[in-house]
Amino acid sequence: MHNKLFTALVLSITFISCNNTMVFSDYTAIDNGQWTMDNALTFNFSELDSVQPHNMFINIRNDNTFQFNNLFLITELEYPDGNTTKDTLEYKMAKPSGEWLGKGFGSIKENKLWYQEKIVFRDTGVYKVNIVHAMRKNGDVDGIHILDGITDVGLEIEKSTQ
C-alpha cells in the first residue's frame with residue numbers, strides 16, 4: 001500500500017513540475033552582483049520549431065543592494081542571417097512603497113519579464129540575444145558603470161499557447 005502511494009505521489013510531482021511549453025532556459029551569474037555597463041550577456045540558441053510562435057522572457061534576479069525601482073536594458077536579437085533587432089526596454093522592479101516585485105524568499109527576488117511575444121524563428125541556424133543594462137541616475141548623462149544588486153540574468157523561450 002505504501003509503495004503504491006509513494007509511486008503515485010512521485011508521478012504527481014513529476015507531472016506538475018514539468019513545463020511542456022519551455023524550449024530554452026539559460027542563466028548567467030553576475031560576478032559579486034555587480035553588472036558592469038560594458039558586460040554584454042549573450043545567449044545563443046538554435047533548432048527551435050520554425051512554425052510555432054514563441055514567447056521570450058528575460059529573467060532578472062536581484063537582491064537588496066539594487067537601488068532602483070525600475071531597470072533599463074538594451075537588447076539585441078541577432079538572426080542567423082546577420083539581421084539584428086535592437087530594443088531599449090524598461091521594467092518595474094519595485095512597488096512605489098519600495099517592496100520588491102517578483103518571486104522568491106529572503107533577499108533574492110526573481111522577475112520574469114516579457115521580451116518578445118509570439119515570435120516565429122523561421123530561419124535555421126544560431127540566434128543570439130545580447131543584453132546590457134542602460135541604467136542612469138536622474139540628471140546624469142553618463143550611465144552607471146557598475147550596477148549593484150543584479151545577481152543573475154536569464155533568457156527563457158516558451159511555446160506560445162495562444
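Helices and strands here are DSSP runs, numbered from the N terminus. With that in place, the elements of this protein run α-β-β-β-β-β-β-β-β-β-β from the N terminus on. That is 1 helix and 10 strands. Please keep in mind that this is a predicted model.

Some overall values. The protein has 162 residues, and buried residues make up 35% of them. Now contacts. Counting those with a separation of 6 or more, 78% are between residues 24 or more positions apart.

How many aromatic pairs does a search of the whole structure find? It finds 8. I will show two of them.

The pair to start with is Phe45 and Phe121. The ring centres are 5.3 Å apart and the planes are at 80°; an angle over 60 degrees counts as edge-to-face, so this pair is edge-to-face. Where do the two residues sit in the chain? Phe45 belongs to strand E3, residues 41–45, while Phe121 is in the loop between strand E7 (109–119) and strand E8 (127–133). They are 76 residues apart, and the pair links distant parts of the chain.

Are these two residues buried or exposed? Buried means under 20% relative accessible area. Phe45 has 5% relative accessibility, so Phe45 counts as buried. Phe121 has a relative accessible area of 1%, so Phe121 is buried too.

Next, Tyr79 and Tyr127. This aromatic pair is also edge-to-face, with 5.7 Å centre to centre and 70° between the planes. Tyr79 lies in the loop between strand E5 (70–78) and strand E6 (84–92), and Tyr127 lies in strand E8, so the pair ties together parts 48 residues apart in sequence. Tyr127 is buried, at a relative accessible area of 3%.

These two pairs belong together. Which residues form the aromatic cluster? Phe24, Phe45, Tyr79, Phe121 and Tyr127 form one cluster. So on the slide, please look at Phe45 with Phe121 and at Tyr79 with Tyr127 as parts of one cluster, because each of these pairs is edge-to-face and the cluster contains all four residues.

Last, charges over rings. Arg61 lies over the face of Tyr27, at 4.0 Å from the ring centre. The other case is Lys112, whose charged end sits over the ring of Phe57, 4.5 Å from the centre of that ring.

Key. Residues numbered from 1 in each chain as written. Predicted model: local features only at pLDDT ≥ 70, side-chain atom pairs only at ≥ 80, totals over all residues. Heavy atoms only, no water. Helix = DSSP H or I, 4+ residues; strand = E, 2+ residues; numbered from the N terminus. Buried < 20%, exposed > 50% of the residue type's maximum accessible area, 1.4 Å probe, protein only. Contact = heavy atoms within 4.5 Å. Phe/Tyr/Trp six-rings, centres within 6.5 Å; stacked < 30°, edge-to-face > 60°. Lys NZ or Arg CZ within 6 Å of the ring centre and 35° of its normal.
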